[in-house]
Amino acid sequence: MEVAFLLVLLVVPLFYLVGTVGRVQAGAYAVTAGAREAGRSYVTADSVDEAAGRAEAAAGLVAQAHGFAPGDLRLGLACGGPGCLEPGGAVVVDAVVEVPLPLVPDFMIGRVPSTVRLTARHTEPVDEFRTRG
């Protein structure tokens, strides 16, 4: 009887811990890969007008691949150097995802942390040999 009680007492928190760490790790992969792919998609666009849409679409695909909704991964895009798509320039992508912690009851939200905020930054250089558009 005591063994069954101790087993439940130890195994239930262990399952919660493994599930939570797995979800946070998925968020970490999603935010880093999303920032990287958004930057790559941005600098390969034909024009600045379509670049932001391509970056958002790429980040949304990465988010879905890691079990998040496309809107869960938020992006901030900034240009560095001579211009956004000019040779020698760069694009800086900041990505943020909020990972909700499982099994936090509604009455505890606001009293204990219910999400983990993960951020990533990626700088993608524009190809030096890109034709000026």
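Helices (H or I, at least four residues) and strands (E, at least two) are DSSP runs, numbered from the N terminus, and two strands pair if DSSP finds at least two bridges between them. This is a predicted model, in which local features need pLDDT of at least 70 and side-chain atom pairs count only at pLDDT 80 or more, while totals for chains, interfaces and linings use all residues. Residues are numbered from 1 along each chain as its sequence is written, and side-chain values use heavy atoms, with hydrogens and water left out.

Begin with the sheet, which is open and has 3 strands in the order 1-2-3, paired antiparallel. Strand 1 and strand 3 (115–125) are at the edges with a single partner strand each, so one side of each has no neighbour in the sheet.

Next, select strand 2 (residues 90–100), which is joined to the antiparallel strand 3 by 11 bridges. There, alanine 90 stands opposite proline 125 of strand 3.

Now select glycine 76, which lies in strand 1 (residues 73–80). Apart from neighbours within four places in sequence, glycine 76 is in contact (heavy atoms within 4.5 Å) with Val92, Val93 and Asp94.

Finally, select cysteine 79 and cysteine 84, which are joined by a disulfide, S to S 1.3 Å; the term means a pair of cysteine sulfur atoms within 2.5 Å. Is cysteine 84 buried or exposed? Cysteine 84 counts as buried because its relative accessibility is 16%, where buried means under 20% relative accessible area, exposed over 50%, and partly exposed in between (1.4 Å probe, protein chains only). Cysteine 79, at 42%, counts as partly exposed.
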